[in-house]
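Subject: Structure for you to look at

Hello,

Here is the structure I said I would pass on. Please open it first; my notes on what was found follow below.

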Amino acid sequence: MRCRCGRRARRGARPGPRQTARTGQRNGDRLARRTGRQSRLLLTAAAALTIALVVAGVRPVVRLDQAVAVRLHAVALQQPGLTDASRNGTDRVVDPWTMRLLLAAAVVWLWHRRQRLLAWWAACTSAVEWALRSVLRWAVGRNRPERDAPSTPPPCPRATP
C-alpha cells in the first residue's frame, strides 16, 4: 500500500479513511458501552444507598421525606384541579394494570412478528421487575402517610323524607 507521496506506507502507520471511520465507530461503541455500564452501576448504587438510608431510618432522610410530603399535601389542598388531573392520570393512564396490559400486547405483537427473543426479554424483565419491587416493598415496609384525601368529594348529604 502506498501513501499519497508515493512511498510505501508502513504497516499500521496511519490508517486510511475507511479504516479511520471503522476504528472511530468501534471506539465510539466501546465508549458508549462503558459509559452505559458506569451509569447503570452509579444509578444502582444510588438507589441502594437511598433504600438503605430509608430502611435505617436516618433522621435527615426521614425529615426530608416528611417535609416533602407535608408541602405536597399543602399544594394538593390549594390546587384541587391539579390533584384531580394527576389522580386521573395515575389511576387511568399510567396505572400498573394498564402498563401490564400494554406490555402483554407488545409481547404478543413481537411474538407474532417472530421476534421471539425480544418478546421473551420484555416478559422476563417485567417479571423480574415485579418480583424485585415486591421484595423491596416487603423489605422496606414503609407505609404511606395517612392524610385526608384532598380531591375526595365531601360525602353526600342524606336525603330527609
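The structure holds one salt bridge. Please keep in mind that this is a predicted model. The pair in question is Glu129 and Arg133, whose side chains meet with 2.9 Å from N to O. In general, side chains of opposite charge can pair when their charged atoms come close. Both partners belong to helix H5, which covers residues 116–140, and they sit four residues apart, about one turn of the helix.

H5 itself has 25 residues. From its first C-alpha to its last it reaches 36 Å, close to the 36 Å expected at 1.5 Å a residue. Just after H5 comes Gly141, which takes a positive phi of about 60°.

Now the overall layout. The secondary structure of the protein chain comes to five helices and zero strands. Along the sequence this reads as α-α-α-α-α. The chain has 161 residues, and buried residues make up 6% of them.

Next, helix H4, which runs over residues 96–112. How far apart should the ends of its 17 residues be? At 1.5 Å a residue the helix should span 24 Å, and its end C-alpha atoms are 24 Å apart, so the two values agree.

H4 is followed by Arg114, a residue in the loop between H4 and H5. The phi of Arg114 is near 65°, a positive value in a residue other than glycine. Most residues other than glycine have a negative phi. Arg114 has a relative accessibility of 64%; it is over the 50% cut-off and therefore counts as exposed.

- Positive charge: Arg30, Arg33, Arg34, Arg37 and Arg40 gather in a patch on the surface. Of these, Arg34 is found in helix H1, residues 17–56. Its relative accessible area is 45%, which means that Arg34 is partly exposed.
- Nonpolar: Val93, Val94, Met99 and Leu102 make a surface patch of about 360 Å². Val94 is found in the loop between helix H3 (80–93) and H4. With a relative accessible area of 47%, Val94 is partly exposed.

A last item concerns Val54, which is found in helix H1. Its relative accessibility is 31%; this lies between the 20% and 50% cut-offs, so Val54 counts as partly exposed. Which distance separates the C-alpha atoms of Val54 and Asp65? They are separated by 9.3 Å, and the two residues are 11 residues apart along the chain.

Regards

Definitions and conventions:
Residues are numbered from 1 along each chain as its sequence is written. This is a predicted model: local features need pLDDT of at least 70, side-chain atom pairs count only at pLDDT 80 or more; totals for chains, interfaces and linings use all residues. Side-chain values use heavy atoms; hydrogens and water are left out. Helices (H or I, at least four residues) and strands (E, at least two) are DSSP runs, numbered from the N terminus. The expected span of a helix is 1.5 Å times one less than its number of residues. A salt bridge is a side-chain nitrogen of Lys or Arg within 4 Å of a carboxyl oxygen of Asp or Glu. Patches are made of residues with over 30% relative accessible area and no salt bridge: like charges are joined within 9 Å, nonpolar side chains (Val, Leu, Ile, Met, Phe, Trp, Tyr) within 5 Å. Accessible areas come from the Shrake-Rupley method with a 1.4 Å probe; for residues, only the protein chains shown count as cover. Lys and Arg count as positive and Asp and Glu as negative; His and the chain ends are not counted. The place of a charge is taken as NZ of Lys, CZ of Arg, CG of Asp or CD of Glu. Buried means under 20% relative accessible area, exposed over 50%, partly exposed in between (1.4 Å probe, protein chains only).
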